[in-house]
Amino acid sequence: MERLTFNPGSTRREPVVVGRSSRRRGPAPVSPSPGAAPQTSRTVTRERYDWDYLWMVAFTTLLFFRPQDQIPGVEALHLAELTAIAGLAAMAVRRLRLGQSVTRVNPEIVAIVALGAVILATAPFGIWPGGSLHVFSSIYVKIILISALMISTISSPIRVRQMTWLMIIASTYVAARAVFDYVRGVNLVEGDRVRGAIGGMFSNPNDLALNLVTFLAPTLIFLALDRRISRRLLAAVCALTMLAAIVCTKSRGGFLGLIAMGVVALYYAAKMKPGILIAVIVGGLLAVPAIPQSFWDRMDSITNAETDPTGSREARLRLLEQGIEVFVENPITGVGAGQFENYDDPGVTIERWRVTHNVWLQVGAELGIVGLAIFLFLVIRAYRACFATVRLLGGGRSRRRAPPGGDTAEREILMLNAKSMIAALVGWTICSMFAAVAFNWTFYYVLALAVCGHEIAQRQQQPQRAAPAPAAERARPRLFGRVHA
């Protein structure tokens with residue numbers, strides 16, 4: 001059970017025993033034999049939320065649902081900026097009151113800040129310094145601040161799960177709008193490809209597909225492995241909606257990312273429940289006839305240029321070549337953040353969507369080798385955090401053979417998060433090979449969830465590394481507190 005209390009400055013989590021009377025008296029419990037299974041009491045963790053976490057949730061809601069794009073007059077209120085400022089102020093007050101630094105400092109935050117420093121340092125050498133500074137002030141500075149806020153406030157397994165579900169619900173909302181628009185024949189580009197009904201990072205079909213593929217990963221993991229039936233049913237509805245929207249985008253990069261992400265998610269799901277593999281095969285056979293032929297015709301253009309009447313495949317190849325040329329000509333400073341679209345050189349062909357269509361070329365061409373190295377470091381750290389969490393929690397073992405400490409709800413939340421983020425990162429990585437999304441929010445949210453999950457698992461593991469407790473205490477595992485799954 002989770003209770004929301006508006007009590008700023010309180011982060012205490014109170015375990016309460018369920019199913020046993022707190023007034024029960026009698027002899028002390030007998031320590032089990034060495035070969036016996038550990039006996040754990042079912043407990044509920046009361047989560048107390050600080051204002052900085054609540055403001056961060058509000059900012060994320062505004063970022064993904066974007067009411068400012070739908071309701072006249074809301075944009076003038078700058079609600080996203082106000083909630084971000086309020087969250088940062090609340091975080092600073094709370095942490096300073098506890099004698100801590102203003103924000104948590106870890107390698108990921110240092111690297112995010114360093115990438116921002118590279119944007120500022122390379123701006124004077126770019127083709128339009130003012131445009132690069134605008135990218136920093138309007139987009140990247142918010143990424144720095146909100147990443148610091150997330151890593152400082154997502155401090156428990158319950159919060160990890162809440163943020164993940166917020167991403168899933170938001171993505172489902174965007175996907176439902178896209179499917180509705182596709183059916184009505186509105187918000188279409190290139191004839192029959194749907195784009196996001198709201199702006200921001202969902203504004204074109206490829207970016208829309210990338211975001212849906214990324215957050216479809218935890219949806220599928222929850223659908224397959226979550227213990228609670230209600231959440232699995234909700235995940236099923238969300239997954240079907242997102243899959244339908246991805247088909248409506250007809251994004252080739254999204255399709256490849258979907259396959260890669262699906263393979264990873266299926267691997268983890270089938271490892272725990274082998275029967276899922278049969279269900280996926282049957283479901284796929286039933287779903288294929290419902291997919292329009294126009295989708296398969298566009299996917300065929302991945303390998304066959306003759307089936308692409310729009311010429312976008314050839315245009316994308318030309319842009320990739322130009323991205324490599326720009327990077328080779330400006331390996332140290334690049335041309336400035338967000339300025340590849342303004343690059344003009346004799347012999348350059350002006351394309352309809354003038355972006356690199358590749359996140360690595362985007363960073364290399366715009367920020368140079370130093371920016372590229374930092375961005376690569378962030379991606380590696382995200383993967384490393386996920387795999388380290390799986391190893392730490394004994395992810396290779398089945399539920400019936402859980403590692404010491406019992407198969408607690410908190411352990412399951414963190415394990416599902418780690419596996420979900422691995423699949424999400426794989427999907428994002430493949431899609432990002434065909435999209436310029438280095439300064440979009442998607443990756444930084446996945447990074448924060450991966451890193452927070454790992455840090456929480458490390459903190460929860462510390463009690464086992466302490467000095468051995470008396471026999472009666474060792475009989476009661478303390479690796480994780482119990483919560484309702």
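**Close-up views of a loop and a cavity**

**View 1. His-78 in the loop between α1 and α2.** In this predicted model, His-78 is placed in the loop that runs between α1 and α2. The phi angle of His-78 is near 50°, a positive value in a residue other than glycine. Most residues other than glycine have a negative phi. The relative accessibility of His-78 is 47%, so this residue counts as partly exposed.

**View 2. Arg-66 in the loop between α1 and α2.** Arg-66 is located in the loop between α1 (51-65) and α2 (79-97). Its phi is near 50°, which is a positive value in a residue other than glycine. Is Arg-66 buried or exposed? With a relative accessible area of 16%, Arg-66 is buried, because the class covers values under 20%.

**View 3. The second largest cavity and the residues nearest its centre.** The structure contains three cavities of 30 Å³ or more. The volume of the second largest cavity is about 110 Å³. Its lining consists of 13 residues, and Arg-161, Phe-222, Glu-412, Ile-413 and Leu-416 are those nearest the centre.

**View 4. Helices and residue classes in the lining of the second largest cavity.** Two or more residues of this lining come from each of the elements α5 (157-184) and α13 (409-432). The element that gives the most to the lining is α13, with five residues. Sorted by class, the lining of the second largest cavity comprises six nonpolar, two polar and five charged residues.

Terms used
Residues are numbered from 1 along each chain as its sequence is written. This is a predicted model: local features need pLDDT of at least 70, side-chain atom pairs count only at pLDDT 80 or more; totals for chains, interfaces and linings use all residues. Side-chain values use heavy atoms; hydrogens and water are left out. On a 1 Å grid over the protein atoms alone, a cavity is a set of points where a 1.4 Å probe fits but cannot get out, and a pocket is an open set with protein on both sides within 12 Å along at least five of seven lines; lining residues have an atom within 4 Å of a point. Grid points are joined across faces, edges and corners, and a volume is the space filled by probe spheres set on the points. Helices (H or I, at least four residues) and strands (E, at least two) are DSSP runs, numbered from the N terminus. Ala, Val, Leu, Ile, Met, Phe, Trp, Tyr, Cys and Pro count as nonpolar, Asp, Glu, Lys and Arg as charged, and the others, Gly among them, as polar. Buried means under 20% relative accessible area, exposed over 50%, partly exposed in between (1.4 Å probe, protein chains only).
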